[in-house]
Amino acid sequence: MASALQNAAVSLQSKIPPSARLPTNFTSPKPLSLSFSATFPSLNLSPTTTLRLRGGSALGTKMSATAAGSYAAALADLAKSNNTLDATSSDMGKVEKLFSDTAVYEFFANPTVDTEQKRQMVDEFAKSSPLQPHTVNFVNILIDAKRIDLVKDIVKEFEMVYNRLTDTELAVVSSVVPLESQHLAQIAKQVQKLTGAKNVRVKPVIDPSLVAGFTVRYGNSGSKLIDMSVKKQLEEIAAQLDLSDIELAA
């Protein structure tokens with residue numbers, strides 16, 4: 001799966017003309033008061049949603065988070081209604097992987113690129129890494145509404161909604177090298193015992209700074225931590241050593 005997604009992103013990159021990428025000296029325009037009113041076909045939202053965003057302000061950030069939550073909740077409601085919640089969650093993982101590629105994200109965020117060209121890119125990705133029709137439609141809605149900048153936040157919000165609906169505990173497992181599947185399964189069982197959750201979903205992350213070992217974050221917004229890393233052990237050893245009275249030879 002990971003290899004297929006990587007190939008899909010590379011394939012999309014090759015089809016993005018240099019002129020469609022954001023220039024290195026590109027800066028966002030001065031803060032503007034923006035508003036839009038949009039209806040969402042095939043999505044169970046209130047008939048009309050109007051948002052007023054002020055770029056660069058705390059209010060703008062708060063409203064963006066609210067907008068991301070609204071989009072995510074609408075998608076989750078649709079997925080639940082047609083019994084595709086798990087499949088849609090898988091789709092959102094693919095979308096997250098796609099937009100984590102800087103070149104791909106910059107292409108879709110570039111206001112000078114034609115909307116239809118962006119839609120064609122979405123279709124290309126959906127062919128190489130199959131997505132459900134409503135997921136493709138959802139991404140196109142973000143493109144049409146010029147809210148593709150919210151896609152990463154929407155993925156996070158959807159993940160939280162999915163976890164609540166399915167009584168799933170997310171465990172983010174960080175390690176220097178990928179852990180074997182049986183080790184991840186053991187970690188999942190331990191987290192399930194600690195939380196009492198019906199399901200546990202493990203999300204592996206590579207973190208070279210750990211030196212060796214692994215860490216597990218779970219709970220509300222990753223508030224709980226199991227630290228089995230060598231980095232932590234080294235920090236504990238350093239904290240126990242008092243080198244203040246040692247004089248180095250000249």
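This is a predicted model: local features need pLDDT of at least 70, side-chain atom pairs count only at pLDDT 80 or more; totals for chains, interfaces and linings use all residues.
Two residues are in contact when they have heavy atoms within 4.5 Å of each other.

Residues are numbered from 1 along each chain as its sequence is written, and side-chain values use heavy atoms, with hydrogens and water left out.

The protein has 9 helices and 6 strands; these are DSSP runs numbered from the N terminus, helices being H or I with at least four residues and strands E with at least two. Of its 250 residues, 36% count as buried. Here buried means under 20% relative accessible area, exposed means over 50%, and partly exposed lies in between, using a 1.4 Å probe and protein chains only. The accessible surface comes to about 15000 Å², and 54% of it belongs to carbon and sulfur atoms. Such areas come from the Shrake-Rupley method with a 1.4 Å probe, and for residues only the protein chains shown count as cover.

Now let us step inside. A nonpolar core is a set of buried Ala, Val, Leu, Ile, Met, Phe, Trp, Tyr and Cys residues joined through side-chain atoms within 4.5 Å. The largest one here has 36 residues, and those touching the most other members are Tyr-71, Phe-99, Phe-108, Leu-142, Ile-148, Ile-154 and Phe-158. Two or more residues each come from helix 2 (58–81), helix 3 (85–99), helix 4 (102–109), helix 5 (115–128), helix 6 (133–144) and helix 7 (151–166). Helix 2 gives the most, with 7 residues. Another core, of 7 residues, lies apart from this one, and its members include Val-173, Leu-184, Val-216 and Tyr-218.

What does Ile-148 touch, leaving aside its neighbours within four places in sequence? Its contacts are Phe-99, Tyr-105, Phe-108, Ala-109, Val-139, Leu-142 and Ile-143.

Let us turn to charged side chains. A salt bridge is a side-chain nitrogen of Lys or Arg within 4 Å of a carboxyl oxygen of Asp or Glu, and the whole structure holds 5 of them. In one, the closest N and O atoms of Asp-144 and Arg-119 are 2.5 Å apart. Asp-144 sits in helix 6 and Arg-119 in helix 5, so this pair links distant parts of the chain, 25 residues apart. Both partners are partly exposed, Asp-144 at 39% and Arg-119 at 26%.

Arg-147 and Asp-149 form another bridge, with 3.3 Å between their closest N and O atoms. Arg-147 is buried at 5%, whereas Asp-149 is partly exposed at 39%.

A further bridge joins Glu-159 and Lys-203 at 4.0 Å, N to O. Because Glu-159 lies in helix 7 and Lys-203 in strand 4 (residues 199–206), the pair ties together parts 44 residues apart in sequence. Glu-159, Lys-203, Glu-96 and Arg-201 are linked in a network of salt bridges.

Val-211, Leu-234, Ile-237 and Leu-241 make a nonpolar surface patch of about 370 Å². Patches are made of residues with over 30% relative accessible area and no salt bridge, with like charges joined within 9 Å and nonpolar side chains (Val, Leu, Ile, Met, Phe, Trp, Tyr) within 5 Å. Ile-237 belongs to helix 9 (residues 230–240) and is partly exposed, with a relative accessible area of 47%.
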